[in-house]
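Here is a short briefing for a first look at this structure. Start with the overall picture, then move to the rings and the cores.

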Amino acid sequence: IVSANFFGLADKGKILTRTGTKINDEIWISGNIGESTIGLKIKQKKIKINNYYKKYFIDKYLYPTHSLLGEKIINYATSAIDISDGFFGDLSKLIKHNDYGASIVTNCIPFSNKAKHLIKKRKININTLLSSGDDYQLIFTANSKNSSIIKRICMKNNIKISNIGKIIRKKGIYLDNK
C-alpha cells in the first residue's frame with residue numbers, strides 16, 4: 001500500500017473550489033472522458049478490441065494526464081473538480097453544495113473518436129463511461145460572459161474544452177432534459 005499526502009499554500013482568492021457554482025453557469029469539461037474506463041475494461045478482459053485501440057486505451061488507463069487548466073482559469077471559473085470518481089459522481093459534488101441541478105447535452109460530452117467508435121459498435125455504453133472514474137479531466141463552471149476568455153486561454157495552451165450544459169435550479173442531473 002502506498003499513501004501520499006500533499007500540502008501547499010495558495011494566495012488568498014486563488015483557490016478554485018467546488019462551492020462557487022451559480023444558477024445558469026455553463027458547465028465545461030477539459031479533454032475527453034471515458035478512455036481510462038475503456039482501458040481498465042480491456043485489462044479486465046471485459047472488452048475485446050484490435051491491438052491499435054487496445055494500446056491507446058490501456059495507456060490512457062495506466063498513464064493518465066491532466067490539463068493543469070485550473071490555475072489558468074482561476075479568475076474566470078466559478079467552481080471546479082477533477083473527474084476521478086466519474087462524471088456523474090464528480091458533477092454531483094459540484095451541484096450538491098447549493099442544491100442545484102445540471103442540464104447536460106449528451107452530444108456535447110467529449111468522447112474521443114476511438115471511444116465513439118466503441119460506443120457505436122456497442123462494445124461499451126455511454127452510462128458506463130459517465131459513471132466510471134480515473135479520467136482526471138476537469139469539470140468546471142463559469143459565467144457565460146467569460147466563455148470567450150476561457151476559450152482563448154485554452155486555445156493558447158492547446159487544451160481541449162467542451163461546453164456541455166448549464167447549472168439549473170431543479171435538483172438532479174438531466175441528460176437531454178431527462
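## Surface and overall form

The protein chain exposes about 10700 Å², and carbon and sulfur atoms supply 50% of it (Shrake-Rupley method, 1.4 Å probe). This is a predicted model: local features need pLDDT of at least 70, side-chain atom pairs count only at pLDDT 80 or more, and totals for chains, interfaces and linings use all residues. Residues are numbered from 1 along each chain as its sequence is written, and side-chain values use heavy atoms, leaving out hydrogens and water.

**Fold**

- The protein chain has seven helices and six strands (DSSP runs numbered from the N terminus: helices are H or I with at least four residues, strands are E with at least two).
- Along the sequence, the pattern is β-α-α-α-β-α-β-α-α-β-α-β-β.
- The radius of gyration is 17 Å, close to the 16 Å that the globule rule gives for 178 residues, so the protein chain is as compact as a globular protein of that length. The radius is taken over C-alpha atoms, and the rule is 2.2 Å times the number of residues to the power 0.38.
- Of the 178 residues, 44% count as buried (under 20% relative accessible area, 1.4 Å probe, protein chains only).

**Aromatic pairs**

- The whole structure holds four aromatic pairs. Rings of Phe, Tyr and Trp (its six-membered ring) pair if their centres lie within 6.5 Å; planes under 30 degrees apart count as stacked, over 60 as edge-to-face and the rest as tilted.
- The W28 and F140 ring centres are 6.1 Å apart with planes at 5°, so this pair is stacked.
- That pair links distant parts of the chain: W28 is in strand β1 (residues 26–30) and F140 in strand β4 (residues 138–142), 112 residues apart.
- Both W28 and F140 are buried.
- The Y53 and F57 ring centres are 6.2 Å apart with planes at 85°, so this pair is edge-to-face.
- Y53 and F57 both lie in helix α2 (residues 51–62), four residues apart, about one turn of the helix.
- Ring pairs join Y53, Y56 and F57 into a cluster.

**Nonpolar cores**

- The largest nonpolar core has 31 residues, and I38, F87, I104 and I139 have the most contacts inside it. Such a core is a set of buried Ala, Val, Leu, Ile, Met, Phe, Trp, Tyr and Cys residues joined through side-chain atoms within 4.5 Å; a contact means heavy atoms within 4.5 Å.
- Helix α4 gives the largest share of this core, four residues.
- A second, separate core of 13 residues includes L138, F140, I150 and C154.

How values were computed:
Buried < 20%, exposed > 50% of the residue type's maximum accessible area, 1.4 Å probe, protein only.
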